[in-house]
Amino acid sequence: MAPAHAPAWMHDREQLWNGVEASERRKDAQLAREFNIALPVELSPDDRRELLRGYVQAEFVDRGMVADMSLHDTESHNPHAHVMLTM
């Protein structure tokens, strides 16, 4: 997910992270912030996806950040998402 004013290439995961990596000069640079979000098992997979998208949009993307999300274990007892934010 990216802000409305972001270039189209930022919506492509491969181009985004290659660009982030290419922009850093230090070998020990921090390229992203990563965090995990636990999702409620009581919600359907579609509702979890919408909950996650709404949260990431409101808290990060609307503030100008680019977010890369990955949902895991959506059909099990441990649904969660990994979110990476560009620096």
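Me: Hi! Before we start, what counts as a helix or a strand here?
Reply: Both are DSSP runs, numbered from the N terminus: a helix is H or I over at least four residues, and a strand is E over at least two.

Me: Thanks. So what pattern does the protein follow along the sequence?
Reply: Read that way, the pattern is α-β-α-β-β, with two helices and three strands.

Me: Where does the model come from, and how are residues numbered?
Reply: This is a predicted model, where local features need pLDDT of at least 70, side-chain atom pairs count only at pLDDT 80 or more, and totals for chains, interfaces and linings use all residues. Residues are numbered from 1 along each chain as its sequence is written, and side-chain values use heavy atoms, leaving out hydrogens and water.

Me: What share of the residues is buried?
Reply: Of the 87 residues, 28% are buried, meaning under 20% relative accessible area with a 1.4 Å probe, protein chains only.

Me: Can we zoom in? Where does Arg48 lie?
Reply: Arg48 sits in helix H2, which covers residues 45-59.

Me: Buried or exposed?
Reply: Arg48 is buried, and its relative accessible area is 5%.

Me: Which residues does Arg48 touch?
Reply: Leaving aside residues up to four places away in sequence, Arg48 touches Leu39, Pro40, Val41, Leu43, Thr74 and Pro79. A contact means heavy atoms within 4.5 Å.

Me: And the whole protein, what box do its C-alpha atoms fill?
Reply: Along the principal axes, the C-alpha atoms fill a box of roughly 45 × 30 × 20 Å.

Key: Buried < 20%, exposed > 50% of the residue type's maximum accessible area, 1.4 Å probe, protein only.
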